[in-house]
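I opened a new notebook page for this structure. My plan was to look up one feature at a time and write down what I found.

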Amino acid sequence: MPRPVAVRRELVSVSTDGLPAGDRFDWWGQLMREQVMAVSMASERPGRFRGGVDSIDAPPTWVSALYLSSLSGTRTRTHIRRHDPEDYYLFAIRGGRVGLEQNRGSSSLGAGDLGLYSTSRPLEADFRGDGRPVRLEMIRLPRATLPLPFDTVDRLLAERLPAGTGAGALLTGYLSGLLKHARECGPAELAGLGSVVADLAVTFLAGRLDIADAVPPESRRQALLARIDAFVERNLGDADLRPAAIAAHHHISVRTLHELFRERPETVGATIRRRRLEHCRADLADPRLRHRTIGEIALGWGFRHPADFSRAFRAAYGMPPGELRQAALRGPPRSDTRPTGPGS
């Protein structure tokens with residue numbers, strides 16, 4: 001059996017790679033029973049099965065990215081009586097299709113959809129990748145910590161939950177970002193981001209059920225901050241992005257906006273400046289953008305005045321932007337670097 005690759009205690013990756021082909025499907029079934037819930041699984045081609053999981057333990061939640069070959073799974077009342085972890089799982093489909101039946105609901109979900117299932121009710125699931133792995137991102141939501149009425153939440157089981165706009169888009173974006181950048185985060189930061197994802201999940205579910213008033217104030221606060229963060233990131237190239245514009249877009253006062261940021265290490269303005277400088281630094285070091293002048297890059301990220309940009313850049317990185325660019329471009333071009341500037 002392959003040993004999990006633990007980058008840190010809270011970050012674990014494991015896959016069927018390295019196992020004999022004939023052992024992979026059974027090993028995957030054991031992994032699911034231990035980490036998620038007991039199910040009976042079947043595959044048309046168990047000898048060709050492949051699967052893997054990258055997981056983040058960020059109490060009160062647990063998030064993971066999975067890929068797996070086509071299979072079907074059944075959880076019966078017998079499974080539930082033997083052991084029920086009493087969890088909900090909210091998942092986003094990134095590739096392939098998932099057929100889901102639970103609590104008299106039935107749906108066929110594809111890439112871009114969200115779905116919800118419970119470990120406490122019988123379940124039928126069918127994963128189909130049409131020759132490619134099915135790819136999912138999942139959030140575990142323990143019933144004990146979910147601040148919503150269970151009988152109401154159960155109305156969403158096995159429903160197709162669109163994730164293209166609003167709270168769904170924000171949730172899936174944060175989830176993907178957390179999974180992508182987890183190794184760059186320290187334990188405290190990771191726990192904080194995990195809490196934000198859980199709050200966004202609660203807000204999303206409550207919105208679908210039209211029970212927003214049931215969401216605790218702290219979850220609403222975190223969801224609002226997440227919307228603000230996403231808005232700021234999308235509009236960094238706008239030189240007019242200021243606290244007043246951010247507050248107006250979110251229908252709050254500037255004072256309320258500053259109150260929201262009080263527990264953070266930076267003010268709103270400092271956050272905008274830092275993110276702009278980080279993007280400028282990345283673009284200056286990108287050989288694919290060597291044709292763009294320093295002034296063009298700075299303007300593209302919202303710095304109207306070259307002198308102000310140069311002062312801010314030197315203060316942040318200890319050297320002027322031109323010197324950093326020269327040092328970064330002395331080496332061979334990096335084929336894996338992608339432009340990050342607006343419109344590039």
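**Entry 1: ground rules.** I began with exposure: buried means under 20% relative accessible area, exposed over 50%, and partly exposed in between, with a 1.4 Å probe and protein chains only. The model is predicted, so I noted that local features need pLDDT of at least 70 and side-chain atom pairs pLDDT 80 or more, while totals for chains, interfaces and linings use all residues. Residues are numbered from 1 along each chain as its sequence is written, and side-chain values use heavy atoms, with hydrogens and water left out.

**Entry 2: Glu124.** Is Glu124 buried or partly exposed? Glu124 counts as partly exposed because its relative accessibility is 38%. I placed Glu124 in strand S11, residues 123-128. Helices (H or I, at least four residues) and strands (E, at least two) are DSSP runs, numbered from the N terminus. Next I listed contacts, meaning heavy atoms within 4.5 Å. Setting aside residues up to four places away in sequence, Glu124 touches Gly73, Thr74, Gly99, Leu100 and Glu101. With Thr74 there is a side-chain to side-chain polar contact, at 2.9 Å. A polar contact is a pair of N or O atoms within 3.5 Å; within protein, one must be able to donate a hydrogen and the other to accept it, and residues adjacent in sequence count only if both atoms are side-chain atoms. I also checked Glu124 against His291: they are 167 residues apart in sequence and 55 Å apart in space, C-alpha to C-alpha.

**Entry 3: Thr61.** Thr61 belongs to strand S5, residues 61-68. Its relative accessibility is 2%, so Thr61 counts as buried. Which residues does Thr61 contact, leaving aside neighbours within four places in sequence? I found Ile139, Arg140, Leu141, Gly194 and Ala198. A polar atom of the Thr61 side chain lies 2.6 Å from the backbone oxygen of Arg140.

**Entry 4: the cores.** I then turned to nonpolar cores. A core is a set of buried Ala, Val, Leu, Ile, Met, Phe, Trp, Tyr and Cys residues joined through side-chain atoms within 4.5 Å. In soluble globular proteins, nonpolar side chains tend to be buried together. The largest nonpolar core has 39 residues, and Ile56, Leu90, Leu116, Ile139 and Leu171 touch the most other members. Elements giving two or more residues to this core include strand S4 (51-58), strand S7 (87-95), strand S12 (134-142) and helix H4 (166-181). Helix H5 (187-209) is also among them. H5 gives the most to this core, with 10 residues. Not counting residues up to four places away in sequence, Leu171 touches Leu90, Leu114, Ile139, Val197, Leu200, Ala201 and Phe204. Apart from this core lies another, of 30 residues, with Leu19, Val39, Phe49 and Val134 among them.

**Entry 5: aromatic rings.** Rings of Phe, Tyr and Trp (its six-membered ring) pair if their centres lie within 6.5 Å; planes under 30 degrees apart count as stacked, over 60 as edge-to-face and the rest as tilted. How many aromatic pairs are there by this rule? I counted 9 aromatic pairs. Trp27 and Trp28 form a tilted pair, 6.4 Å centre to centre with 55° between the planes. Trp28 and Phe49 have ring centres 5.6 Å apart and planes at 55°, so this pair is tilted. Phe25, Trp27, Trp28 and Phe49 form one aromatic cluster.

**Entry 6: charges over rings.** A charge sits over a ring if NZ of Lys or CZ of Arg is within 6 Å of the ring centre and within 35 degrees of the ring normal. Arg143 lies over the face of Phe150, 4.2 Å from the ring centre. The charged end of Arg264 sits over the ring of Phe261, 4.9 Å from its centre.

**Entry 7: positive phi.** Glu86, a residue other than glycine, has a positive phi near 60°. I found Glu86 in the loop between helix H2 (77-82) and S7. Ala158 also has a phi near 60°. Ala158 is in the loop between helix H3 (150-153) and strand S13 (161-162).
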